[in-house]
Every structure is written in structure tokens, then in C-alpha cells.
Amino acid sequence: PPLTPPPHPAQVHIAPEVLVIVLKRFLGPNTPKLATPVSYGHTLNLSPCSPQPDVEYSLLGVASHAGRLLNGGHYVATVRVDGDGEHGSGPFYHFNDQVQTPVDPAAALRSDAYLLFYERKKARAGGQSS
């Protein structure tokens with residue numbers, strides 16, 4: 001089915017430290033998964049939707065579902081692990097049960113994502129986000 005625009009523009013009045021976006025992939029427990037590709041990036045700027053200045057986020061992780069139905073299948077995640085304390089600069093890993101594999105950051109941009117996790121960038125002096 002085609003994507004429909006929301007009935008009104010989204011507003012973020014208080015930006016959370018971690019933003020979770022749920023992509024509706026199922027209409028019900030026994031219906032096939034919606035496979036509509038969704039584009040998203042490593043950064044997300046919500047400043048146009050918020051009265052707060054500099055509401056910017058870095059992609060922290062993505063959860064995906066493999067399988068056709070909600071009540072069956074397998075969940076995997078691709079997650080950024082901060083290593084050197086520099087916000088948003090750590091490597092990405094793919095987690096599949098007990099197996100953790102380092103992956104290219106592009107692997108986090110999966111078109112079959114189910115959950116997106118974004119971490120708010122810290123504001124620097126002068127109003128810029130880091």
C-alpha cells in the first residue's frame with residue numbers, strides 16, 4: 001500500500017536523549033509483513049519540528065525482523081558502540097543471537113528496519129550540536 005502523509009505535521013516539544021522510531025511493519029499478528037522500503041540516515045535533524053534549537057540526532061542502532069509474520073521470524077540488530085568517547089564516532093556491530101560482527105556503517109541503513117534508535121547530539125558552546 002502507498003504511504004499516506006500524517007494528518008498534521010509532527011511536533012517535538014521536548015526532545016528526548018534517545019529517540020525511538022517504530023516503523024509499522026505489521027497490520028496484525030497473522031498478516032504478512034509490509035516490505036515498503038524506508039530511507040533514513042545516520043543523522044536526523046528535528047529542529048524544524050521543535051521550538052528547541054539544535055535538535056539533532058545520531059543513529060545509535062537499528063532492529064530488523066527476518067520473517068513474514070509477526071508471530072514468527074527472527075530479530076537482529078545493528079548498533080553503534082562508542083569507543084573513544086567522541087559522540088557518534090564508534091564502530092557499528094551486527095548482533096545476531098550470540099554472534100557479534102563488526103560492519104560498515106552503511107550496514108545500519110537497512111531498508112527493512114523495524115525500530116530506529118537515535119541518540120541526541122550534545123549541544124556545544126555557540127548553539128552547535130556535536
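**Rings and strands in a predicted model**

Colleague: Is Tyr-114 buried or exposed?

Modeller: In this structure, which is a predicted model, Tyr-114 has a relative accessible area of 18%, and because the cut-off for buried is under 20%, Tyr-114 counts as buried.

Colleague: OK, and how many aromatic pairs does the structure hold?

Modeller: The structure holds 2 aromatic pairs. In one of them, the ring centres of Tyr-75 and Tyr-114 are 5.9 Å apart and the planes meet at 50°, so this pair is described as tilted.

Colleague: Where do Tyr-75 and Tyr-114 lie in the chain?

Modeller: Tyr-75 belongs to strand S4, which covers residues 74-80, while Tyr-114 belongs to strand S7, covering residues 113-120, so the pair ties together parts that are 39 residues apart in sequence.

Colleague: What about the rings of Tyr-93 and Phe-95, how are they arranged?

Modeller: Their centres are 6.4 Å apart and their planes stand at 45°, so Tyr-93 and Phe-95 also form a tilted pair. The reason is that planes under 30 degrees apart would count as stacked and planes over 60 as edge-to-face, with the rest called tilted.

Colleague: And how accessible are Tyr-93 and Phe-95?

Modeller: Tyr-93 has 27% relative accessibility and counts as partly exposed, and Phe-95, at 31%, is partly exposed as well.

Colleague: Switching topic: which strand has His-65 in it?

Modeller: His-65 sits in strand S3, which runs over residues 56-66. Its relative accessibility is 2%, so His-65 counts as buried.

Colleague: What does His-65 touch?

Modeller: Leaving aside residues up to four places away in sequence, His-65 touches Phe-26, Lys-33, Leu-70, Gly-72, Gly-73, His-74, Tyr-75 and Tyr-114. That list includes Tyr-75 and Tyr-114, the two residues of the tilted pair with ring centres 5.9 Å apart.

Colleague: Now the whole chain: how many helices and strands are there?

Modeller: The protein chain has 0 helices and 7 strands, and reading along the sequence gives the pattern β-β-β-β-β-β-β.

Colleague: How much of the chain is buried, and how much accessible surface does it have?

Modeller: Buried residues account for 28% of the 130 residues, and the accessible surface comes to about 8,200 Å², with 61% of it belonging to carbon and sulfur atoms.

Colleague: Last one: what share of the contacts links residues 24 or more positions apart?

Modeller: Taking the contacts with a separation of 6 or more, residues 24 or more positions apart account for 60% of them.

Notes:
Residues numbered from 1 in each chain as written. Predicted model: local features only at pLDDT ≥ 70, side-chain atom pairs only at ≥ 80, totals over all residues. Heavy atoms only, no water. Helix = DSSP H or I, 4+ residues; strand = E, 2+ residues; numbered from the N terminus. Buried < 20%, exposed > 50% of the residue type's maximum accessible area, 1.4 Å probe, protein only. Contact = heavy atoms within 4.5 Å. Areas by Shrake-Rupley, 256 points an atom, 1.4 Å probe, with all protein chains shown as cover. Phe/Tyr/Trp six-rings, centres within 6.5 Å; stacked < 30°, edge-to-face > 60°.
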